[in-house]
Amino acid sequence: MSEQIVTSPLADLTTRPGLADEAELTELAVTWAPRPGFWGWLTSVDHKSIGKRYIVTSFIWFILAGLNAGLMRIQLSRPENGFMGPDRYNQVFTTHGTAMMFLFAVPVMTAFALYLVPLMVGARDLAYPRLNAFGYWVFLTGGLFLFISFYLNMGPNTGWFAYTPLSGPEFSPGKRVDVWAQVVTFTEIAGLVAAVEIVATIMKLRAPGMSLNRIPLYVWSVLVVSVMIIFAMPAVAMASTMMLAMDRLVATHFFNQAEGGDALLWQHMFWFFGHPEVYIMFIPGLGFISSIVETFTKRPVFGYPVMVLSMIVTGFVAFGLWVHHMFATPIPLLGRTFFTAASVLIALPTGAQIFCWIATIWSGRPRLATPMMFAIGFVVIFIIGGVTGVMIASVPFDLQVHDTYFIVAHFHYVILGGVVTPLFGACYLWFPKVTGRMLSERLGKWHFWLWFIGVNVTFFPMHILGLEGMPRRVYTYLPEMGWGNLNLLVSAGAVVVVASVAVFVINVLVSWRSGVVAGPDPWGGPTLEWAAASPPLPWNFHHVPVVEGRSPMWEEAGDLPIVEGLATHKREMLVTTALDAVPDSRHDLPEESIWPFIMAVAVAATFIPAIYTPWAYPAGLVIGVIAFAGWAWPRGRHPKHQVTAGRIPRTEPEPT
Amino acid sequence: MLQVNQSVLHAAGPRAASTEHLWWFAFIVAAVVYVLTVGALFWAIASARRREREGELRPEHAHDRMTSGVGAGIAASVVILLVFLGYDLSVARTRDPVPKQHPVTIEITGRQWFWDVTYADTSPHGRFTTANEIHIPVGQPVLFLLSSSDVIHSMWVPNLAGKKDLIPGYTQSLWFQADTPGVYRGQCAEFCGEQHAKMAMEIVAQPLTEYRRWVASQSGPGAPPADSVTKRGQEVFLTGTCAMCHSIGGTPAGSHVGPDLSHLASRRTIAAGSLPNTRGNLAGWIIDPQRIKPGAKMPPNMLEPKDLDALLTYLQSLK
């Protein structure tokens with residue numbers, strides 16, 4: 001094992017056509033050629049093209065939702081401020097929370113996985129590429145729907161948690177809460193299909209030899225969260241799409257205690273999803289940190305089994321915490337005690353991972369490039385959110401700070417520290433892979449330091465505000481409460497955060513056009529994505545690589561085995577067994593298709609009019625059936641291959 | 001500026017005090033854990049970089065030392081978390097159950113956006129209703145029975161105890177005790193709609209004799225009009241829109257949509273803790289509540305200046 005490898009021979013092999021069979025390459029290029037123009041963009045099923053637009057879209061929602069946070073900080077910068085009235089403020093904070101949770105934090109993690117997972121496991125594409133395209137269009141619909149409603153002054157105003165009965169028909173007449181409920185529908189559909197694709201890809205499309213104990217830690221992290229999504233998201237989708245929307249549309253009274261329903265039922269269903277949701281955002285952040293730490297210390301992360309088991313344990317225990325959002329409701333002491341214990345002990349697996357990273361850094365050769373700065377920043381910021389998380393597992397203490405700014409401080413430390421900081425690090429790490437160009441390191445350092453200072457100045461004083469009695473979700477406060485100065489400081493910190501994100505956006509825009517050309521493996525990374533070209537070709541790898549360890553790019557330097565024999569005249573990929581990744585079968589991938597887009601239109605045409613009339617459901621069903629028929633219609637062979645010389649098309653049955 | 005008591009860190013009763021101790025314990029432990037972990041991280045970076053400068057490739061016995069380091073970290077975490085869990089459970093178990101002796105029971109119904117307060121004395125004529133301002137005797141546990149008639153609210157008086165939700169269809173109990181006389185402000189802690197921000201209450205903790213005097217003054221009907229101005233004021237109240245929602249003991253006004261006003265003049269604030277109870281504020285509130293609390297359920301009232309003046313005099317006579 002050599003530590004000096006900067007660019008691997010495999011990278012050369014896959015980017016220099018001379019080393020591969022010329023005819024094969026030409027044929028791959030024809031087979032996988034993306035369709036040109038707008039139609040090509042609309043019909044694309046390439047995981048890289050969809051992943052890229054998914055990432056960009058979720059960052060746009062991040063910026064819009066961040067601007068909402070800015071509006072809140074203007075309003076709260078002094079007591080009795082007249083910048084906004086309560087109605088506007090409630091829309092602003094609801095849209096901020098809803099967009100950050102449903103449209104940014106979870107989807108951006110999914111989006112990175114959609115882009116990276118096939119590359120990291122050595123696959124040609126994601127499983128179910130058309131479903132992937134469909135998921136993106138549904139996600140886009142949800143985001144547009146929320147923000148257009150908000151800018152038209154009909155944004156939801158009952159909080160991102162939409163507690164009943166406040167969100168019920170009696171106390172929220174009008175259509176605002178319906179907008180919220182259907183935004184949740186769109187994002188949950190998108191989240192669920194993405195999770196299914198990722199699980200299938202990781203379980204069945206790994207490169208030969210990549211047995212379970214050789215899967216990169218980042219890929220493990222998204223596998224864990226994808227399984228979590230499959231179990232968590234149906235709870236909220238059911239609660240919002242079916243029960244809340246039905247209560248409002250056809251008076252089903254699920255949550256109306258006056259008619260035999262139960263106001264608390266909503267909270268259980270919401271938090272059964274809502275607490276795992278936190279870990280669904282956070283565990284991929286841990287995966288990012290693992291990738292960054294091993295790339296920039298040139299050491300595999302110490303304690304691989306501990307790391308993997310920690311993530312799995314976190315994924316399980318995350319489902320046993322939801323009642324800690326409900327300690328002020330009628331839950332018996334014994335029941336609360338169980339959730340307290342689980343909430344305290346979930347700190348352990350994350351702690352174990354932090355210790356393993358510190359050990360890795362200690363034994364390695366840390367290089368403080370921008371991604372590594374963000375990884376260190378992650379530890380320094382996140383642990384504050386982690387320790388306050390343990391504190392509020394305590395019922396008596398939580399009952400004092402629940403629904404105060406202490407909680408706002410806690411979860412912003414967790415999410416900005418544990419999700420967004422690793423995410424920024426990941427952007428610097430993988431930007432060269434996605435665009436072929438490096439982000440500027442100089443702007444990166446500015447970005448990091450502004451971010452680090454801004455986050456702490458904004459959110460640390462909120463702990464004190466909460467302890468001094470300031471509740472959440474208030475549009476104003478009286479001067480005699482004495483919260484004015486700290487709030488002004490918080491608002492000043494928010495300006496620094498905005499500046500930091502602006503630097504990041506400028507860095508991305510400038511570097512995308514004119515950054516330093518990266519080459520396939522600018523950082524000397526350990527995992528397979530660095531074997532592909534930057535940006536990767538539509539077929540990712542000329543030949544499917546064979547893996548013999550956890551860090552193939554380091555271990556197999558100079559002699560990376562490959563698999564031959566996959567068809568090049570059609571889009572074919574290798575299916576391997578779930579545990580040991582032994583080659584199992586071959587699978588054809590679909591060509592570009594417009595039907596995912598039409599199916600997404602059908603979903604939008606169902607759920608948006610469903611705000612006004614139940615007839616939208618049968619109408620939408622008709623469009624959906626048509627779209628499904630088009631999607632599943634048997635297709636002939638692609639005409640492109642008629643002109644391919646030197647290869648006789650095989651006559652196998654088409655996949656369904 | 002008036003010092004307002006609304007803080008977790010200035011406990012004035014046993015429940016809040018034991019939580020405050022728990023907080024300081026947790027804070028110190030957390031600070032130590034934080035400094036040690038972040039310190040370990042920077043030490044790891046520094047020693048790795050030093051080794052690199054000295055041309056050393058890998059530390060000696062690296063694997064064993066990493067194993068014991070990570071193991072020690074995990075073991076220490078387990079111990080710290082279990083100690084914290086034990087301390088927390090001891091506080092929860094001793095402070096949560098309602099004491100058997102609780103001489104005062106108060107029913108609170110959360111409303112958008114005020115607190116409807118009923119003293120549930122079982123003696124004849126002992127039961128009375130007020131709003132937003134709750135007097136309690138010092139040194140005695142007080143039991144609150146919490147419910148809501150619209151959406152979920154949460155009662156929270158941080159100097160005295162943690163919060164409890166008021167949920168339609170449920171009755172929850174909360175108890176606390178004030179050891180020092182004083183006024184403790186509380187605020188709704190569960191988002192309850194447009195005026196969630198201005199739904200406050202005040203707990204006035206008094207020595208027992210003062211408390212009894214207050215109870216006696218609240219128990220009777222509202223003061224009857226004593227002169228022609230207050231008489232006119234009562235007439236305005238009863239014949240105008242006021243009586244549609246508010247009640248005043250001893251008059252035909254008996255609606256419970258808005259806060260009970262039988263002893264309005266004895267309260268320190270109006271509009272659920274939003275404004276000091278002065279004649280000017282009261283006038284502004286009656287004419288245009290939407291300017292002070294946009295979205296509040298009370299409509300604007302167009303009154304002749306003379307009628308408004310009489311109404312204010314009448315309301316201010318309701319001691």
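These legends cover close-up views of a predicted model.

**View 1. An open sheet of 3 strands in chain B.** The strand order is β4-β10-β9 (chain B). Pairing in this sheet is mixed. From one strand to the next, the twist averages 25°.

**View 2. The edge strands β4 and β9 of chain B.** β4 spans residues 133-137 and β9 spans residues 182-187 of chain B. Each has a single partner strand, so one side of each is left without a neighbour in the sheet. Strands of a sheet pair through backbone hydrogen bonds, either parallel or antiparallel.

**View 3. The pairing of β4(B) with β10 of chain B.** β10 covers residues 200-206 of chain B. The two strands run parallel and are joined by 5 bridges. Within this pair, His135(B) stands opposite Val204(B) of β10(B).

**View 4. Helix α3 of chain B on the sheet.** α3 is formed by residues 208-219 of chain B. The helix lies across β4 and β10 of chain B. Relative to β4(B), α3 runs at about 135°.

**View 5. The contact between chain A and chain B.** Chain A gives 68 residues and chain B gives 69 residues. On the side of chain A that touches chain B, the elements giving two or more residues are α5 (86-120), α9 (263-297), α11 (333-345), α12 (347-363), α13 (370-391) and α14 (395-401) of chain A. α12(A) gives the most, with 12 residues. By class, this side of chain A holds 44 nonpolar, 17 polar and 7 charged residues.

Key:
Residues numbered from 1 in each chain as written. Chains lettered and ligands numbered in written order. Predicted model: local features only at pLDDT ≥ 70, side-chain atom pairs only at ≥ 80, totals over all residues. Pairing = 2+ DSSP bridges. Helix = DSSP H or I, 4+ residues; strand = E, 2+ residues; numbered from the N terminus. Axes fitted to C-alpha atoms, helices over the stretch in contact; angles between N-to-C directions. Contact = placed C-beta atoms within 7 Å. Nonpolar A, V, L, I, M, F, W, Y, C, P; charged D, E, K, R; others polar.
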